[in-house]
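The following paragraphs lead the reader through one structure, from single residues to the chain and its surface. The sequence and the coordinates should be kept in view throughout.

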Amino acid sequence: MTLLGKMDRFVYAMRIDRLLFAKTSPRAFRWTPLLVIAAMIAGYVQMAKAGTDIVAHYLIGWLFFYGAILAAYFLRALGPRFTATVNQPLDERELMLKVRAHATSGVVLATIITLGCFYMASQGVPWLWHPRFMDWFNLGFGVQGLSALLPTWIASWLEPRPVADVES
């Protein structure tokens, strides 16, 4: 068997083909994004507290933080559909859901970032925490992860609950 054949078998054995070829039906993740956001915040706080002094604590925070960002992108891919494919275009309901979710998440992100800017203006207050270089770097990735996760979370709550099959 050739290398390409082995790689192809690996993709199908690991079920990656479902993600790549959009074979799965979209799901509504209502509470999972909250856990991912909590892991992202906990990892960031752990990294910021450890600084570069305690390497083991920093690495644990790094794993939580960047693992949560990776999970955010997986939830986005597996959650409500935001992108059309050739075989499955978005219908009117999905387009409206996409627009409302992205608009609401944009307002939430803009509010969070605005409050963060006001907080950073308190540079002279000695008892408040102020980010160092790597904290800013990680914060940028956190905003990217949150911007990928928020529309998925909001769209999941905007979708109606699936109706149970009740046969009388």
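Is G145 buried or exposed? G145 is buried, since its relative accessible area is 0%. Here buried means under 20% relative accessible area, exposed means over 50%, and partly exposed covers what lies in between, with a 1.4 Å probe and protein chains only. The structure is a predicted model, in which local features need pLDDT of at least 70 and side-chain atom pairs count only at pLDDT 80 or more, while totals for chains, interfaces and linings use all residues. Residues are numbered from 1 along each chain as its sequence is written, and side-chain values use heavy atoms, with hydrogens and water left out.

The secondary structure of the chain consists of 6 helices and 0 strands. Read from the N terminus, the order of elements is α-α-α-α-α-α. Helices (H or I, at least four residues) and strands (E, at least two) are DSSP runs, numbered from the N terminus. Of the 168 residues in the chain, 30% are buried. Among contacts with a separation of 6 or more, 71% join residues 24 or more positions apart; contact means heavy atoms within 4.5 Å.

G145 belongs to helix 6. Once neighbours within four places in sequence are set aside, G145 is in contact with M40, I69, A72 and Y73. G145 and I37 are separated by 108 residues in sequence, yet their C-alpha atoms are 9.0 Å apart in space. T152 is also placed in helix 6, and T152 is buried because its relative accessible area is 0%. Leaving aside neighbours within four places in sequence, T152 is in contact with L75, R76, G79, P80 and F82.

W157 lies in helix 6 and counts as partly exposed, because its relative accessibility is 36%. Apart from neighbours within four places in sequence, W157 is in contact with R30 and W31. The C-alpha atoms of W157 and A28 are 7.4 Å apart, although 129 residues separate the pair in sequence. L158 is likewise found in helix 6, and its relative accessibility of 32% makes L158 partly exposed. L158 touches L97, R100 and A101, with residues up to four places away in sequence not counted. L158 and K98 are 60 residues apart in sequence, and their C-alpha atoms are 9.9 Å apart in space.

The next stop is a pair of residues that touch one another. P89 sits in the loop between helix 4 (55-78) and helix 5, and P89 is exposed because its relative accessibility is 56%. With residues up to four places away in sequence not counted, P89 touches R81, A84 and E94. E94 lies in helix 5. Why does E94 count as buried? E94 counts as buried because its relative accessible area is 12%.

The surface can now be considered. The accessible surface of the chain comes to about 11,800 Å², and 69% of this belongs to carbon and sulfur atoms. Accessible areas come from the Shrake-Rupley method with a 1.4 Å probe, and for residues only the protein chains shown count as cover. A nonpolar patch on the surface is formed by V108, I112, I113, W136, L139 and V143, which together have about 470 Å² of accessible area. Patches are made of residues with over 30% relative accessible area and no salt bridge; like charges are joined within 9 Å, and nonpolar side chains (Val, Leu, Ile, Met, Phe, Trp, Tyr) within 5 Å. A salt bridge is a side-chain nitrogen of Lys or Arg within 4 Å of a carboxyl oxygen of Asp or Glu. Helix 5 (92-120) and helix 6 (133-158) each contribute at least two residues to the nonpolar patch. V108, one of the patch residues, is found in helix 5 and is partly exposed, with a relative accessible area of 31%.
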